[in-house]
Amino acid sequence: MKDWALFDQVGEIIRGSTPPGLGHPHVQVRGNGVKAWFGDPAPQREHYEAQIIPADIAPGCRTHAIEIGYHAEHRAEPDNQAALTRLLATEPAWRAELGDEPQAGAFLGPTPWRRISETWPDADLTTPDLPFEIGVRLVDYIRALEPHRRV
């Protein structure tokens, strides 16, 4: 399932809503999602992402889900776990901003990656406000996690 227009709009919301103090977000749009990261312009192993995922890896959905959050996608599992552990050390601070929705732990799917993310099961991809809702929620993750990720 590809929706370039949806994620182009999400990318614009990220660019326009990310707090300036965090720096310039690099944004990469693809047909089923969008990634954002800071620093080096080359895509980073630790990034923020919103993407459409299939039902077989999305708990509690029938057709698909939108996953929104943070990913650690290093090649080695210990590196991913170390990135997650750093953020879990500050969980009370970011949990106060993000609420109970984010799940922290293993990536959705068979990889050594880690995540702090939430899923929106069976979201209607034609809802006019969906790009705004996804973009704002992804920026929520950026605001809550990025200051702690940089420590």
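Trainee: Which residues are linked in a network of salt bridges?

Mentor: A salt bridge needs a side-chain nitrogen of Lys or Arg within 4 Å of a carboxyl oxygen of Asp or Glu. Residues linked through such pairs form a network here: Glu 46, Arg 86, Glu 146, Arg 149 and Arg 150.

Trainee: At what pLDDT do side-chain atom pairs count in this model?

Mentor: Residues are numbered from 1 along each chain as its sequence is written, and side-chain values use heavy atoms, with hydrogens and water left out. The model is predicted: totals for chains, interfaces and linings use all residues, local features need pLDDT of at least 70, and side-chain atom pairs count only at pLDDT 80 or more.

Trainee: How many salt bridges does a search of the whole structure find?

Mentor: One of them pairs Glu 49 with Arg 30, with 2.5 Å between the closest N and O atoms. The search of the whole structure gives a total of 12.

Trainee: Which strands hold Glu 49 and Arg 30?

Mentor: Strands (E, at least two residues) and helices (H or I, at least four) are DSSP runs, numbered from the N terminus. The two residues are 19 apart in sequence, so their pair ties together separate parts. Glu 49 is buried at 2% relative accessibility, where buried means under 20% relative accessible area, exposed over 50% and partly exposed in between (1.4 Å probe, protein chains only). The strands are β3 for Glu 49 and β1 (residues 26-30) for Arg 30.

Trainee: How many residues apart are Glu 77 and Arg 114?

Mentor: Their salt bridge has its closest N and O atoms 2.5 Å apart. Glu 77 is partly exposed, at 40%, whereas Arg 114 is buried, at 9%. Glu 77 sits in helix α2 and Arg 114 in strand β6, and their separation in residues is 37.

Trainee: Is Glu 118 buried or exposed?

Mentor: Glu 118 lies in strand β6 (residues 114-121). Its relative accessibility is 6%, so Glu 118 counts as buried.

Trainee: Which residue forms a salt bridge with Glu 118?

Mentor: The pair links strand β6 to helix α4, across 19 residues. The closest N and O atoms are 2.8 Å apart, and the partner is Arg 137.

Trainee: A polar contact joins the side chains of Glu 118 and which other residue, at 2.7 Å?

Mentor: A polar contact is a pair of N or O atoms within 3.5 Å; within protein, one must be able to donate a hydrogen and the other to accept it, and residues adjacent in sequence count only if both atoms are side-chain atoms. Contact in the wider sense means heavy atoms within 4.5 Å. Beyond four places in sequence, Glu 118 touches residues including Ile 66, Ile 68 and Pro 102. The polar partner at 2.7 Å is Tyr 141.

Trainee: How far apart are the end C-alpha atoms of helix α4?

Mentor: Helix α4 has 20 residues (130-149). The expected span is 1.5 Å times one less than the number of residues, so α4 should span 28 Å. The end C-alpha atoms agree with that, at 27 Å.

Trainee: At which residue does α4 bend?

Mentor: The bend at a residue is the angle between axes fitted to the seven residues ending there and the seven starting there. In α4 the angle is about 25°, and Pro 147 follows within four residues of the bend, which is at Arg 143.

Trainee: Which residues does Leu 145 contact, leaving aside neighbours within four places in sequence?

Mentor: Leu 145 is among the buried residues of α4. Its contacts beyond those neighbours are Tyr 48, Tyr 70, Leu 87, Trp 94, Leu 98 and Ile 116.

Trainee: What is the phi of Asp 122?

Mentor: Most residues other than glycine have a negative phi. Asp 122 lies in the loop between β6 and α4 and is partly exposed, at 24%. Its phi is positive, at about 50°.
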